[in-house]
Amino acid sequence: MTVPSLLLAGGRWRCFPLPLASSLFQALHNSCCRKESTAPKKIIPHIDFSDETAKESGKTLDKLFSSEQQASILHVLNTASNKELEAFKLLRGKKSFNIVEHRKKFGPFQNLESLMNVPLFQYKITIQVCNSILNPETGGKKKKLQESRLLRKLIKPEIGRERVKAVNSIVSIVSGTRRIAWAHLDRKLAVLDWQQTEYCQLMKGSYLSSVYLEEISSIISKMPKADFYVLEKAGPSFQNPSLFPVLLHFHMTEAMLYALLNTTFAQDGHHQVLSMNRNAVGKHFELMIGDTRTSGKEVVKQLLSESVLKDEPRVFFPPEKIVRYRQMFSSTEHNRVEELYDSLLQAIAFYELAVFNTES
């Protein structure tokens, strides 16, 4: 008995003669085949990207860009190095590498359509890349946005970058509990004026606005004129109740300085008085230990020495004033007059961080 003669019938295996078994097996096979042939088939669409689609995309690219624009784009694609290609935002990383590798294997790009043969380049990204090559100022816009963000973190209130970049001179003002100091510097970092004055009676008396108005007005009358007046933004925390009188004193002083120095705001709406982040100045001169700022005395001492010893010092003290400033520093070196040191350092940091952007 052979295997085809064994068929399942009624749940049991039964034995049939060979001819009959073969006929039954053939009938069963034909029935299954008919069922399979009558069942609906799934149709999977085939999309051919290699021929017609690519040709149509190439034609569209030709319509989007003039012959001169196409020539400019192809010149960049065929001559720029990997690093130069990465200067374009959309060509950073693998895309610039793939362009260079494609040039090595297949030679220069003959048309914009051929760029779509490079891995990671589809129709839409190819258009975006071409536009970015034609408009490289996009990177400049990004840099301006970064500078604006840095400026907002550094100084308050927010002002236009153009005004900051065009500044000719500033007066940097730092106030403490007993004195106010200021430094007047021009954009060549020449120290035009640098001094301090005592106002210790304010902390001893009551916090009447009229007292502050009279005292601060007298101090401001001694200050030179400048494009901007830069105040140090700092103050003790509210978390310590014992420091509330000191905190109130700082706020009163800051409010009076802001109101009295911001003379043109009512007419043109432009701020003349800015507040500068104290810790940002400390980081610029490496004076920070954790969240604590150390004394700037040694930095100022070095700046005074460099002004005499170096042909191109970081800060320029005019010859007719350097002797007086060095004598002033020597007379205060044994006392704690951080306001005097900080006013100078704040002025330098303002120019280097906000105006010249030497570290941004």
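This is a predicted model: local features need pLDDT of at least 70, side-chain atom pairs count only at pLDDT 80 or more; totals for chains, interfaces and linings use all residues.
Which residues are buried in α3? I started my notebook with that one. In α3, I found Gln70, Ile73, Leu74, Val76 and Leu77 buried (buried is under 20% relative accessible area, exposed over 50%, partly exposed in between, with a 1.4 Å probe and protein chains only). Looking down the axis of α3, I see these buried residues within an arc of 160°, so they line one face of the helix (the arc is that of the directions from the helix axis to the C-beta atoms). Ser67, Glu68 and His75 sit on the other side of α3 and are exposed.

Residues are numbered from 1 along each chain as its sequence is written, and side-chain values use heavy atoms, with hydrogens and water left out.

Next, helix lengths. Helices (H or I, at least four residues) and strands (E, at least two) are DSSP runs, numbered from the N terminus. The expected span of a helix is 1.5 Å times one less than its number of residues. For α3 (residues 67-79), 13 residues should span 18 Å, and I get 18 Å between the end C-alpha atoms, which agrees. For α6 (residues 123-134), twelve residues should span 16 Å; the end C-alpha atoms are 17 Å apart, which agrees. I also noted buried residues in α6, among them Ile125, Val129 and Ile133.

Then I looked at strands, which pair if DSSP finds at least two bridges between them. β5 (residues 179-186) pairs with β6 in the antiparallel sense over seven bridges. Ile180 stands opposite Thr197 in β6. The two strands, β5 and β6, form a hairpin with four residues between them, and Leu189 in the turn has a positive phi of about 60°.

Last, rings. Rings of Phe, Tyr and Trp (its six-membered ring) pair if their centres lie within 6.5 Å; planes under 30 degrees apart count as stacked, over 60 as edge-to-face and the rest as tilted. My search of the whole structure gave six aromatic pairs. One of them is Trp194 with Phe317, tilted, at 6.3 Å centre to centre and 45° between the planes. Trp194 lies in β6 (residues 191-198) and Phe317 in the loop between α14 (297-309) and α15 (319-332), so the pair ties together parts 123 residues apart in sequence. Trp194 is buried at 0% relative accessibility, and Phe317 is buried at 2%. Trp194, Phe317 and Tyr325 form one aromatic cluster.
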